[in-house]
Amino acid sequence: MPPTSARPLRADAERTVRVILDAAERVLSENPHATLEQIAEAAGVARTTVHRRFANREDLLRTMAVAAWRRIAAAVDAARPQTAPPLVALHQATANVIEIKYGAAYALERVDSTDPEVAALQSDVYAKCDAVFVRAQADALIAADTDLAWARRVYLALITETVHGNTTLDGNADPDTLARRVIDTLMNGIGNRR
């Protein structure tokens, strides 16, 4: 993803930025104090390339967060939240977001929600989540008296806790399996089913 304040990049420059962002995620996940030089080395680019694309470490971190939120927004859109059956859209969006969160855990844990671009992306994603919940409630999949704002907060917390502390998908669970667990917990709770 190109830095948000710059004019559109050529395809090769955009690929370079993507390589730098991916390397930054890996390196900073292992060593939060890593330098831009260490990130450049991991990306296989010259230190000057990183400095040319990012004014400083904060600019790199902001770009990482914006890029991650753009991917989340695209992943939610791919789940067709306005047209797919509510539980299908919810499951697909959940699986998509879990996969992205595993690959962008460092950036997403350090996101500045007051940044206008991040806030706009988050607001868009949350509005689509709310729309799915409204549709699910209209289809009687969610109780009529459910506080949907609370339901969204619980849902997002379940996704966060699914990824929290694990920076990679392990061999025991793929995004679909984890999404099923999140949706089952959200819709059915954890009590004994009678």
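Biologist: Where is R80 placed, and what makes R80 count as partly exposed?

Modeller: R80 sits in the loop between α4 and α5, where helices (H or I, at least four residues) and strands (E, at least two) are DSSP runs numbered from the N terminus. Its relative accessibility is 47%, and buried means under 20% relative accessible area, exposed over 50% and partly exposed in between (1.4 Å probe, protein chains only), so R80 counts as partly exposed. This is a predicted model, in which local features need pLDDT of at least 70, side-chain atom pairs count only at pLDDT 80 or more, and totals for chains, interfaces and linings use all residues. Residues are numbered from 1 along each chain as its sequence is written, and side-chain values use heavy atoms, with hydrogens and water left out.

Biologist: Why is A140 called exposed?

Modeller: A140, in the loop between α7 and α8, has a relative accessible area of 65%, which is over 50%, and therefore A140 is exposed. Although A140 is not a glycine, its phi is positive, about 65°; R80, likewise a residue other than glycine, has a positive phi near 55°.

Biologist: What makes a set of residues a nonpolar core, and which members of the largest one touch the most others?

Modeller: Such a core is a set of buried Ala, Val, Leu, Ile, Met, Phe, Trp, Tyr and Cys residues joined through side-chain atoms within 4.5 Å. The largest has 34 residues, of which W69, I72, L90, I98, F133 and Y155 touch the most other members. Another core, of 19 residues, lies apart from it and includes V17, L21, A34 and Y106.
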